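This report describes how parts of one protein chain pack together. Look over the sequence and the structure before reading on.

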Amino acid sequence: MKYGTPKFKDTMVIDFLVENRFRFWRHGIFLIFFFVLIYTARFWHWYSGVYQYYVLCFVYMVLIGMVYINIYVLVPRFFFRTKYITYLVLLVLMGVVGLNMIGYGFKFFFEDFRVENLKKVGDRGSIYEGVLMCIPIIMTTTTVKLLQKWISDTRRITELSNLTLQMELNELRNQINPHFLFNMLNNVKALIRTDPEKASVVIVKLSEFLRYQLYENGEEKTLLLSEIDFLSNFLNLEKIRRDNFSFDINVDIDSRTIKSTFISPNLFTTFVENAVKHSVDISSTDSYVKINIDMENKMLCFTCTNSRNSNFTTSNTSYGGLGLANIKRRLELLYGKAFELDIISGEKEYTVNLKIPV
C-alpha cells in the first residue's frame, strides 16, 4: 500500500486535550489547578488580614496573563514557526517583566500591610519562588500546545491518507468512462477513413490522456505543466466528440515557473469534468469551457467557466456530488484555511474560482 501512516487511535484523554467541545473544561481545570498551586505558596502569608487574598489574586492574575500570552501569542507565532531563538528571548523578557510587575506591586501597593516580623525577608526569596513557580507552568503549557498540534496534525495526515486512498479506489473503478472511451474509439475509426492525419493526432492525445490517468495520477505531487497538459488533452478529446463545443485555456505564468511548480494531482480535474458535463446544451447550440490559470502573491489562481442553457436548469446537487465533495474536503486537509474556493452560479455561466498556496 502506498500510504503507510499508522492508524491514529483516539482515546478520551486525547479527545479532551484536542476537541473544542472540551475547551471550557480544559481551561477551567487548569485555572483551578493553577490557583491551588499558588495557594500552597508562602508569599501571600507574609501579609496581614484581607490583604493576603489581594496579594494572592494579584500574583495569580499576573502569572495567568503570562501563561496565556505564552499559549496564544508566543507559541503559535514564534515556536510553531520555528523561530526558536526569538521565542526564547521573548519568553525570558516576558518572565522578567512579569516578575518585576509582581515585585513593584509588592513594594508600592502591599508593603504597608506586610507582617512586621517578616519585613526583613528579602525580595530575592520571593523572586526565586516566583521563578520556580513560573518555569514548570510555562513549560507544561508549551508542551501541551505541542502535543495538541502533534495530535491535530496526525489526525489530518491520517484523514488525508484515508481520503486520498478512497479517491484512488474510486478512480480505479471509474478511471475511464466506458461510454467516453467507446465514443472516442468510434470517432477514431471514422477518422481513419476520412482523415487519417487527424486520427493519428487523436490517438496520440488519447494515449497521453490514458498515461496520465494510469501513472502520473498515482503520485503524491505532479508538475503544474502535466496537470495543464492533461486538461488540454481531456478538452481536446471532448471537442472531437462534440461539434458545437469549444474551449480555451489561458495560462498567465512564465514557462520556468510552470515547469518547476508541483501540486497535488487532480485538483482541477473534478471542476473541469463538471464544467464539460454541464456545458452540454440540449438545443445543440454552441457551448464552451474557459480556463484561466495565473499566479499572484505565491497563490496559484484557477478559474473555470462553462456555459449554461438558461432554459435548462441544473440542480445544485449536480455540482455537489461525491467528486466535488471529496475535492473540497481534500483541499481542506491539504491547505487548511489557506485556500479560497468560490463558486458562482449564474443564469448563463457557471464559474469556479480556486486559489491555493504554492
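The model is predicted. Its largest nonpolar core has 31 residues, and those that touch the most other members are Phe268, Val272, Phe302 and Ile356. Two or more residues each come from helix 8, helix 10, strand 4, strand 5, helix 12 (322-335) and strand 7. Helix 8 gives the most to this core, with six residues. In soluble globular proteins, nonpolar side chains tend to be buried together.

Val272 shows what such packing involves. Leaving aside neighbours within four places in sequence, Val272 is in contact with Leu231, Phe234, Leu235, Ile291, Phe302 and Cys304.

Five strands form an open sheet in the order 2-4-5-7-6, and their pairing is mixed. Strand 2 (245-252) and strand 6 (340-345) each have a single partner strand, so these two stand at the edges with one side left without a neighbour in the sheet. From one strand to the next, the twist averages 10 degrees.

Strand 6 and strand 7 (residues 349-357) run antiparallel and are joined by six bridges. Ile344 has Thr351 in strand 7 as its bridge partner.

| Helix | Strands touched | Angle between directions |
|---|---|---|
| Helix 8 (residues 224-241) | strand 2, strand 4 (287-296), strand 5 (299-307) | about 165 degrees with strand 2 |
| Helix 10 (residues 269-278) | strand 2, strand 4, strand 5, strand 6, strand 7 | about 15 degrees with strand 5 |

Notes:
Residues numbered from 1 in each chain as written. Predicted model: local features only at pLDDT ≥ 70, side-chain atom pairs only at ≥ 80, totals over all residues. Heavy atoms only, no water. Pairing = 2+ DSSP bridges. Helix = DSSP H or I, 4+ residues; strand = E, 2+ residues; numbered from the N terminus. Axes fitted to C-alpha atoms, helices over the stretch in contact; angles between N-to-C directions. Contact = heavy atoms within 4.5 Å. Core = buried A, V, L, I, M, F, W, Y, C linked by side-chain atoms within 4.5 Å. Buried < 20%, exposed > 50% of the residue type's maximum accessible area, 1.4 Å probe, protein only.
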